[in-house]
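Grab a pencil and work through these exercises with the model on your screen. Each task comes with a worked solution, step by step.

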Amino acid sequence: MPLLDGLRRRLGGPTTARSRLEGAMAQRRLRGWQPPLENINSLVASGGPRLLARARELVVTNGYAANACEAFASNLVGDGIKPSSLITDPALRDEVQRLWLAWTDEADVDGLTDFYGLQAMVAREMFVAGECFVRIRPRRLEDELSVPLQLQLLQSEMLPFEMTEALEGGRRIRCGIEFDAIGRRTAYHFRRSHPGDSTDHRVGTFETVRVPASDVLHIYRPIDAGQLRGLPHVAPAMVRLFLLDQYDDAELDRKKTAAMFAGFITKTAPEEALLGGVEVAEDGTGTVSLEPGTLQVLLPGEDVKFSSPADVGGGFEAFQYRTLLAVSASLGLPYHLVTGDVRQANYSSLRAELVEFRRRVEQLQHGVIAFQLCRPVWQRWLDTAVLAGALRSTETPAELRPVQWIPPRWDWVDPLKDIQAQVLAIESGLLSRRKAVEATGYDIEEIDRENAADATRAADLGLAYRTSPGETQGARATPQQTPDPNEE
């Protein structure tokens, strides 16, 4: 074999030497591992509906999954990813910001929450379903909205996975999404009603309507190139969570059943009656109640054996801990956010865990929520505001669009150390005040206006504080003391 391999190498052909890629070997250990080489779109199209149904049931019925969903949403969007316009004209910028703030309360078609509440709903849908659709609904001027525009959230089930067909002109529909001849998304074919909503009988479940892609935002995290639909964020942990829940239920039922029996009485003559009250069941068996302070006298030949149910064992908690660690790793969430258990955590471990987790969250904030949801909504909102006359400006909508999206601030384990580090970075020129303020989730211009108003009000009232609102923050030098000439 070595001689043959050397000859093939000299001739420039492939060798049959043992593979250096262990994962590609076909030896005895890996002979049964033959996964199909399928594209992610084929997997989603075939298993998407069942995976989605199981994910929704798991988040509703499993406490760990429900807690992880809320932790994912609260860390991803918090109280909202908010815009800070980059318009140079202060008056125009303030007008845009005020108009946006008024519109956020009117953004929801159902009127149940504001724009930032819709962000939280989108984040939950990303965890459960892996995707969410936002339909942009233009409104009439007679609707008396600050800007005639609203948003409607559509669940993943509204776009059929199984809808795949070829159309004329090179167009095609894949998993409910219509593409043109060069692969651009042109429309979405939504169901008119939710397939699982038994209370809506207006139209047939399988009747669809074509909605132009310009009016639909598809929010999902693509994990593979060319991926069409999203995968539930909870998908890698679903099996473990489901089986662990069954194990916990079985263990709880076992302990409950064992605790129901205090003891068992053995009689040599079954026809003899026991002393005390006996409750006879339908099958002829009898039970005797045991009350505090009872001294039961047994008849000759009778014996009592008390129940001693087996404990769960010393490995139960360790097993639960390791299983939930694997679940947390599958979800990409810190262990304490999934379980609420911080017994084995300290400042260093919590901070190290949160730093990595927040890197992942920031990736989703900027690459998914801000880019796929906030940015197109801001552009459409500005265009509608100018066309409807709600925003009167000589600037074109394109000139009004520059904006930066500020994610919610992070609360650290020890905020004093982090603030001191930021102050030192600002004083040494390594960090600007704008970046430091934006990291807290606030707009620096709004902070400066509030500080100026506080300073003016304090001065008018003759108030003095240790740190005036208008005073520059930072470390203070120790005042020099003039030596006393009377001292020797």
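**Exercise 1: Charges over rings**

Arginine 229 sits over the face of phenylalanine 161, at 4.1 Å from the ring centre. This is a predicted model, where local features need pLDDT of at least 70, side-chain atom pairs count only at pLDDT 80 or more, and totals for chains, interfaces and linings use all residues. Residues are numbered from 1 along each chain as its sequence is written, and side-chain values use heavy atoms, with hydrogens and water left out.

Task: find which ring arginine 375 lies over.

Solution: 
- Start with the rule: NZ of Lys or CZ of Arg must be within 6 Å of the ring centre and within 35 degrees of the ring normal.
- Then look at phenylalanine 371: arginine 375 lies over its face, at 4.1 Å from the ring centre.

**Exercise 2: Tryptophan 100 and its partners**

Task: work out how tryptophan 100 and phenylalanine 115 are arranged.

Solution: 
- Rings of Phe, Tyr and Trp (its six-membered ring) pair if their centres lie within 6.5 Å; planes under 30 degrees apart are stacked, over 60 edge-to-face, and the rest tilted.
- The structure has 17 aromatic pairs.
- In this one, the centres are 5.3 Å apart with 80° between the planes, so the pair is edge-to-face.
- Tryptophan 100 belongs to helix H4 (residues 90-104) and phenylalanine 115 to helix H5 (residues 115-128), 15 residues apart. Helices (H or I, at least four residues) and strands (E, at least two) are DSSP runs, numbered from the N terminus.
- Tryptophan 100 also makes an edge-to-face pair with tryptophan 381, at 5.2 Å centre to centre and 90° between the planes.
- That pair links helix H4 with helix H9 (residues 347-387), across 281 residues.

Task: decide whether tryptophan 100 is buried or exposed.

Solution: 
- Buried means under 20% relative accessible area, exposed over 50%, and partly exposed in between (1.4 Å probe, protein chains only).
- Tryptophan 100 has 2% relative accessibility, so it counts as buried.
- Tryptophan 381, at 0%, is buried too.

**Exercise 3: The open sheet**

Solution: 
- Two strands pair if DSSP finds at least two bridges between them.
- Five strands make an open sheet, ordered S4-S5-S6-S7-S8, with antiparallel pairing.
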